[in-house]
Amino acid sequence: MEARLSRPDPLRPRRSRPVQVAEAIKGWVVEQGLRPGDRLPGEAEMIARFGMAKGTIREAMRLLQAQGLIETKTGPGGGSFVGEVSTERAQSLLANYFYFRDISIDDVYALRIRLEPDNAAALAGRLTAAQLDELRAILSRYAAPATDAAEERAQHVASLEFHARLASFAENALLGFFIGFLAQILTDLTVFQKLYSQPNHQLWREGRDHHIALIAALERGDAEAAHDIMLEHMQLARRLMEDQQAVVLKRFFAD
């Protein structure tokens, strides 16, 4: 069946022909029920199917390849195939949207407080032994207080990785993605603003203790406890991180 481009929407900005074709190809892939790894038609068939010139089809395919939605392989058995965008790539692309926007720690925690306790409650009693071991392995990387700035930084990043990994276990893919995305933003803020430059044993101790208690609640299937532990952890971490940011900025301006 020949695919047709949809009529332009007068309320949307006019898009170039290759962009329109790229959108039509995505729609066709969905309609056909194609999955990552499935082969796409050759160039000649694409030209006939979408009724566009070779140059337009090639540019549309390049756009989709840049987005990670198409993979091209050369050699025997090569061609174009449906790609799968990784979580890391999707989060990186989304982060570009916020690159020039002033995102604060308070902005991040306002969402974390709303999302993470519910995710923790939903996962109580549902994690496998292997998944719980993964969380314990991350926890072991900040089992003792840091001795220098480099170790402090590594521990900050590891503690946020704990949350991202827990989020990756979520049955709700959207919830897990956005919690992981927020953890990545906070990791970037921590590194860029050097929030690890001043040792904060209270932040380390409270975070570690909450994570230990959370793993125990998850393992025994106590959804209410998992929710409350995560909520308390988020609220305390928000205050301690804001205090940490204030101390670092004060030192920066003093210098």
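## The largest pocket

Sorted by class, the residues that line the largest pocket are 8 nonpolar, 8 polar and 3 charged; here Ala, Val, Leu, Ile, Met, Phe, Trp, Tyr, Cys and Pro count as nonpolar, Asp, Glu, Lys and Arg as charged, and the others, Gly among them, as polar. The model is a predicted one, in which local features need pLDDT of at least 70 and side-chain atom pairs count only at pLDDT 80 or more, while totals for chains, interfaces and linings use all residues. Residues are numbered from 1 along each chain as its sequence is written, and side-chain values use heavy atoms, with hydrogens and water left out.

The volume of this largest pocket is about 450 Å³. Among its 19 lining residues, those closest to the centre are Thr87, Glu88, Gln91, Ala164 and Gly180. Two or more lining residues come from each of helix 4 (87–97), helix 7 and helix 8. A pocket is an open set of points on a 1 Å grid over the protein atoms alone, with protein on both sides within 12 Å along at least five of seven lines, whereas a cavity is a set where a 1.4 Å probe fits but cannot get out; lining residues have an atom within 4 Å of a point. Points are joined across faces, edges and corners, and a volume is the space filled by probe spheres set on them.

## The overall fold

The chain contains 10 helices and 2 strands, which are DSSP runs numbered from the N terminus (helices H or I, at least four residues; strands E, at least two). Read from the N terminus, the order of these elements is α-α-α-β-β-α-α-α-α-α-α-α.

Of the 255 residues in the chain, 37% are buried, meaning under 20% relative accessible area, with exposed over 50% and partly exposed in between (1.4 Å probe, protein chains only). Among contacts (heavy atoms within 4.5 Å) with a separation of 6 or more, 71% join residues 24 or more positions apart.

## The nonpolar cores

The largest nonpolar core holds 38 residues, and the ones with the most contacts inside it are Leu127, Leu135, Leu166, Leu186, Leu214 and Leu218. At least two residues of this core are supplied by each of helix 5 (105–123), helix 6 (129–139), helix 7 (149–168), helix 8 (173–192), helix 9 (201–220) and helix 10 (223–254), and the largest share, 9 residues, belongs to helix 10. Apart from this core lies another, of 16 residues, which include Val21, Val29, Met46 and Met61. Such a core is a set of buried Ala, Val, Leu, Ile, Met, Phe, Trp, Tyr and Cys residues joined through side-chain atoms within 4.5 Å.

Leu186 shows how parts of the chain meet: not counting residues up to four places away in sequence, Leu186 touches Ile105, Val108, Tyr109, Arg112, Leu160 and Met241.

Arg112, in helix 5, counts as buried because its relative accessibility is 1%. When neighbours within four places in sequence are left aside, Arg112 is in contact with Pro117, Leu160, His163, Leu182, Leu186 and Met234. Tyr109 also lies in helix 5 and is buried, with a relative accessible area of 3%. With the neighbours within four places again set aside, Tyr109 contacts Leu186, Met234, Ala237, Arg238 and Met241. Although Tyr109 and Met234 are 125 residues apart along the chain, their C-alpha atoms are separated by 7.1 Å.

Ala183, in helix 8, is likewise buried, at 2% relative accessibility. Phe162 is 21 residues from Ala183 in sequence, and the two lie 9.2 Å apart in space, C-alpha to C-alpha.

By the cavity rule, the count is 1 cavity of 30 Å³ or more.

Beyond its neighbours within four places in sequence, His211 is in contact with Leu139, Tyr142, Ser159, Phe162, His163 and His233.
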